[in-house]
Amino acid sequence: DDFGHILATTTGGVFARTDTAASSWTKIVGSPATDNSDGIGVEPGADPTGHVFAFVSQKNLLEDSSPSGRGFLAHVPPGPIGNNCFNLISVGGTVYVAYDGEGVSRFRDGVWRSYPAGVLCSLPACDPETTFTNSSFPTGMLADPNGNKWIGMWSGPLTRIDDSVSPPRFRNIRNASLAAMG
């Protein structure tokens, strides 16, 4: 019960009931659904006007975009990609953080830049010279004397990043040990 608005989560989405005397519930179109095992946690809430928000899986803030009909819009928090830090390095006032299963984040000049896990990049839809081809399981990080950052992915590429330029330059290296032998 948020400001007189009663919300409930189900496997079918979020439902609202504003009249406690009524026995009907109205589904909020495009709302996120939970599952029976609580593997997908959905926490809905409303502001005083009845505008609905939902916090999903402990990391995604969603906002109902009605009456536009576009469903719920995601708001990315202004912070790192995760909470379970696996590795970090600091280079010249910039911090790079690896989150196992969540991705990679960079903190520079008070601003976070995040590369979420599972991002697969390949031509023609995405230029692999400007981002990771896969940032799911970053396991090792280091900075070389030339200012390049190196991030190794478990079962993925070794990525060299030069972010002294804009946009940053990425080199996603697969099978580097085999290439060096040939």
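**Aromatic pairs, disulfide and strand arrangement**

In the predicted model, Trp 112 has a relative accessible area of 27% and is therefore classed as partly exposed, a value that falls between the limits of 20% for buried and 50% for exposed residues. The structure holds four aromatic pairs, and one of these is formed by Trp 112 with Phe 107, the ring centres being 4.8 Å apart and the planes 40 degrees from each other, which makes the arrangement tilted. Phe 107 is likewise partly exposed, because its relative accessibility is 30%. A pair of aromatic rings is described by the distance of the centres and the angle of the planes.

A further pair, that of Tyr 115 and Phe 132, is edge-to-face, with 5.1 Å from centre to centre and 80 degrees between the planes. This pair links distant parts of the chain, given that Tyr 115 belongs to strand S11 (residues 111–116), whereas Phe 132 is placed 17 residues away in the loop between S11 and strand S12 (138–143). Tyr 115 and Phe 132 are both buried. Through ring pairs, Tyr 115 and Phe 132 are also joined with Phe 170 in a cluster.

With regard to the model as a whole, the protein comprises one helix and 15 strands. Of its 182 residues, 32% count as buried, and the accessible surface amounts to about 10,900 Å², with carbon and sulfur atoms contributing 54% of that area. Among contacts with a separation of 6 or more, 30% are made by residues 24 or more positions apart.

The sheet considered here is open and is built from four strands in the order S4-S5-S6-S7, with antiparallel pairing. Strand S4 (42–46) and strand S7 (72–75) each have a single partner strand and stand at the edges, so one side of each is left without a neighbour in the sheet. From one strand to the next, the twist averages 25 degrees. The antiparallel pairing of S4 with strand S5 (residues 52–56) runs over five bridges, and Ala 46 has Val 52 in S5 as its bridge partner.

The disulfide count comes to one, and the bond in question connects Cys 121 with Cys 126 at an S to S distance of 1.9 Å. The torsion about the S-S bond of Cys 121 and Cys 126 is about -95 degrees, and the disulfide is therefore left-handed.

Tyr 99 lies in strand S9 (residues 94–99), and its relative accessibility of 5% places it among the buried residues. When residues up to four places away in sequence are not counted, the contacts of Tyr 99 include Pro 80, Ile 81, Gly 82, Asn 83, Asn 84, Cys 85 and Phe 86, together with Ser 105, Ser 136 and Pro 138.

Most residues other than glycine have a negative phi, and most peptide bonds are trans. The peptide bond between Ser 166 and Pro 167 is cis, with omega at about -5 degrees, and Pro 167 is located in the loop between strand S14 (158–162) and strand S15 (169–173). Asp 109, which is not a glycine, has a positive phi of about 50 degrees; this residue is situated in the loop between strand S10 (103–108) and S11, and because its relative accessibility is 73%, Asp 109 counts as exposed. Ser 155 also has a positive phi, near 55 degrees, and lies in the loop between strand S13 (149–153) and S14. With a relative accessibility of 68%, Ser 155 is therefore exposed.

Definitions and conventions. Residues numbered from 1 in each chain as written. Predicted model: local features only at pLDDT ≥ 70, side-chain atom pairs only at ≥ 80, totals over all residues. Heavy atoms only, no water. Helix = DSSP H or I, 4+ residues; strand = E, 2+ residues; numbered from the N terminus. Buried < 20%, exposed > 50% of the residue type's maximum accessible area, 1.4 Å probe, protein only. Contact = heavy atoms within 4.5 Å. Areas by Shrake-Rupley, 256 points an atom, 1.4 Å probe, with all protein chains shown as cover. Disulfide = S-S within 2.5 Å. Phe/Tyr/Trp six-rings, centres within 6.5 Å; stacked < 30°, edge-to-face > 60°. Pairing = 2+ DSSP bridges. Axes fitted to C-alpha atoms, helices over the stretch in contact; angles between N-to-C directions.
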